[in-house]
Amino acid sequence: MKILLIVSAFNSLTQRVFCLLKDMNHTISIEYAISDEVMIDSVQRFKPDIVFCPFLKKFIPKEIFLNTPSFVLHPGIRGDRGHNSLDHALLEQKKEWGVVILKANEELDGGEIYSEVNFLMRDATKASMYRDEVANATIEATKELLINLQNTDFKATPQLKTPMHKYLKQVDRAIEWEKDTSKDIIKKIRLSDSYPGVKDEFFGISCYLFGVWFESKLKGNPKEIIAKRDGAICVATTDGAIWISHLIKEGAFKLPATYVLKDKIKGVKEHRLPLIFDMSYKTFYEIGSHKDGDVTYLCFNFHNGAMHSEQCIRLKYAFEYLKESSKVIVLIGAEEFFSNGIHLNILEDSKKQGEDGWSNINAMNDLVKSIIFADEVITVASLHKNAGAGGVFLALACDYVVASSKSVLNPHYKTLGLSGSEYHTFSLPKRVGEVKAKKLLYRCLPISSNEAKKINMIDEVFSQEDYFDSLRGFCSVLVEDEEKYEDYIYEKQDYLQENENHIDRCKEEELKVMYPEFWDKDSSFHALRQEFVYKVCPIKTPDRLREIKNA
């Protein structure tokens with residue numbers, strides 16, 4: 001089937017749908033909904049069997065839906081209509097929610113329903129629910145849609161003609177610091193994360209709040225900033241305190257809270273944790289671990305998976321410390337991402353972008369080198385969530401890579417004007433061969449974990465439903481036979497000794513190519529990074545997203 005995806009952005013949800021359809025051998029083309037003319041032209045050019053819109057902020061022109069079967073995903077249950085659907089579900093503490101796929105017409109969320117999937121809600125941020133429950137339900141609903149379209153006996157379900165729910169404004173999200181409890185504030189920030197955030201003010205600076213954690217020990221006066229740690233600020237509430245990790249100053253972009261408030265919080269105490277937090281109480285932390293016999297799980301909770309220089313260095317030290325007392329180390333990332341590589345927002349904020357970019361990539365490389373050359377332990381990367389750019393190649397530095405069946409990988413850099421490093425010219429060809437490696441790097445398309453396993457890029461795919469049980473089982477097998485374990489370590493040591501010079505040369509050649517990408521003021525990286533950080537709307541659809549056949 002020829003399927004045209006008309007979207008407002010090629011976001012995580014759209015990429016999940018794209019990977020599903022590609023894995024099902026459909027021919028896909030993607031078009032950004034830049035204007036009615038662009039959308040109409042894309043249909044005339046591609047001549048799709050159906051149009052599907054998994055993430056669309058505009059109406060589909062009637063010239064399209066009157067002539068081509070067109071369907072729109074709505075992240076709400078039957079009868080739910082209007083914007084901020086998931087926000088409302090979280091605000092009203094719904095126990096169950098869902099998605100529907102509607103046939104497009106001239107009425108917002110008013111078309112007939114061709115598939116619907118419900119799910120249980122959990123205590124999480126809106127962004128987390130969107131990337132997980134909504135995305136999973138969308139995949140099942142998309143499969144159901146395609147089955148129903150082939151079924152001549154299928155009859156669509158009329159949408160309920162309920163009133164539109166209201167558009168949530170900042171007044172509906174606002175924090176009342178003298179009244180709201182920690183739980184109230186956390187709820188408001190979570191239902192507004194990752195967009196639009198909760199508008200507030202600190203020291204006369206108007207900003208939007210993102211990334212909230214409960215603090216179980218520190219206390220102070222409501223709205224008093226009582227501590228800071230790793231870029232986050234601890235703010236007292238009526239009954240305790242919370243941590244806020246990121247802010248967006250009006251007219252700017254998202255940064256760690258301490259970067260935005262800068263000199264205003266000079267006197268606030270830096271409330272440090274050990275390098276590796278044991279997760280023994282509720283607070284904000286970035287690196288933690290837990291042991292399961294000879295297996296150590298290393299967690300790194302970096303916001304949106306971005307890693308700046310100092311985070312890379314801390315993670316490297318944590319890894320090197322843990323390997324002294326472990327036989328297997330599992331890099332497990334965090335709840336929302338594995339890793340997305342270097343921290344573009346920090347670089348955009350820097351007054352020395354070339355210097356800080358060069359520092360960031362070298363710090364990332366130092367981390368990767370520690371993992372590659374860790375010849376006294378077995379390393380496992382656990383991609384239970386998405387990974388992109390340098391984050392993918394951080395994972396490939398490990399001896400084994402396992403992933404959830406729901407994970408999407410973006411093993412490329414060029415969409416941001418970078419050639420990339422992280423030893424990828426060693427690790428990727430080693431797994432998939434030179435030809436496939438170049439294809440992945442130059443086509444700049446996401447791939448599913450199932451496709452990654454098919455091409456030997458990763459070793460195992462586990463179902464999301466029992467992912468962590470499968471991961472524990474996989475890791476326990478690595479250590480249960482002492483003789484096999486020792487043989488693996490000896491073979492690894494021999495391999496690294498034989499290939500050490502080649503591995504180092506790969507990194508040096510990567511950095512030679514990358515040097516002008518950071519330091520040349522005319523490098524496309526600087527313009528593309530700025531567009532990414534400021535979320536500039538594209539003015540055209542990239543050719544790489546057009547008419548993609550099974551590949």
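**Entry 1**

I searched the whole structure, which is a predicted model, and found 0 disulfides. Cys19 is in no disulfide, and the nearest cysteine sulfur, that of Cys444, is 14 Å away. A disulfide requires the two sulfur atoms to be within 2.5 Å. Cys19 is buried, with a relative accessible area of 3%. Cys299 is likewise in no disulfide; for this residue the nearest cysteine sulfur belongs to Cys475, at 12 Å. I noted Cys299 as buried, because its relative accessible area is 16% and the limit for buried is under 20%.

**Entry 2: salt bridges**

I recorded 33 salt bridges in the structure. I examined three of them by residue.

Asp87 pairs with Lys126, and their closest N and O atoms are 3.0 Å apart. Asp87 belongs to helix α4 (residues 85-91) and Lys126 to helix α5 (residues 126-150), so this bridge ties together parts that are 39 residues apart in sequence. Asp87 is buried at 4% relative accessible area, and Lys126 also counts as buried, at 12%.

Arg122 and Glu133 form a salt bridge with an N to O distance of 2.5 Å. Arg122 sits in the loop between β6 (113-120) and α5, while Glu133 is in helix α5, so the parts tied together are 11 residues apart in sequence. I noted Arg122 as partly exposed, with a relative accessible area of 30%, whereas Glu133 counts as buried at 14%.

Glu336 and Arg131 meet in a salt bridge at 3.5 Å, N to O. This pair links distant parts of the chain, 205 residues apart: Glu336 is in the loop between β15 (328-333) and α10 (344-349), and Arg131 is in helix α5. Arg131 is partly exposed, with a relative accessible area of 22%.

I also found a network of salt bridges that links Glu31, Asp41, Arg45, Asp543 and Arg546.

**Entry 3: surface patches**

I looked next for patches on the surface. Lys249, Lys262, Lys264 and Lys351 form a positive patch. Among them, Lys262 is placed in the loop between α8 (257-261) and β13 (287-292). Lys262 counts as exposed, because its relative accessibility is 53% and exposed means over 50%.

A nonpolar patch consists of Leu275, Ile313, Tyr317 and Tyr321, which together have about 420 Å² of accessible area. I located Ile313 in helix α9 (residues 309-322). Ile313 is partly exposed, at 38% relative accessible area.

Note on methods. Residues are numbered from 1 along each chain as its sequence is written. This is a predicted model: local features need pLDDT of at least 70, side-chain atom pairs count only at pLDDT 80 or more; totals for chains, interfaces and linings use all residues. Side-chain values use heavy atoms; hydrogens and water are left out. Patches are made of residues with over 30% relative accessible area and no salt bridge: like charges are joined within 9 Å, nonpolar side chains (Val, Leu, Ile, Met, Phe, Trp, Tyr) within 5 Å. Accessible areas come from the Shrake-Rupley method with a 1.4 Å probe; for residues, only the protein chains shown count as cover. A salt bridge is a side-chain nitrogen of Lys or Arg within 4 Å of a carboxyl oxygen of Asp or Glu. Lys and Arg count as positive and Asp and Glu as negative; His and the chain ends are not counted. The place of a charge is taken as NZ of Lys, CZ of Arg, CG of Asp or CD of Glu. Helices (H or I, at least four residues) and strands (E, at least two) are DSSP runs, numbered from the N terminus. Buried means under 20% relative accessible area, exposed over 50%, partly exposed in between (1.4 Å probe, protein chains only).
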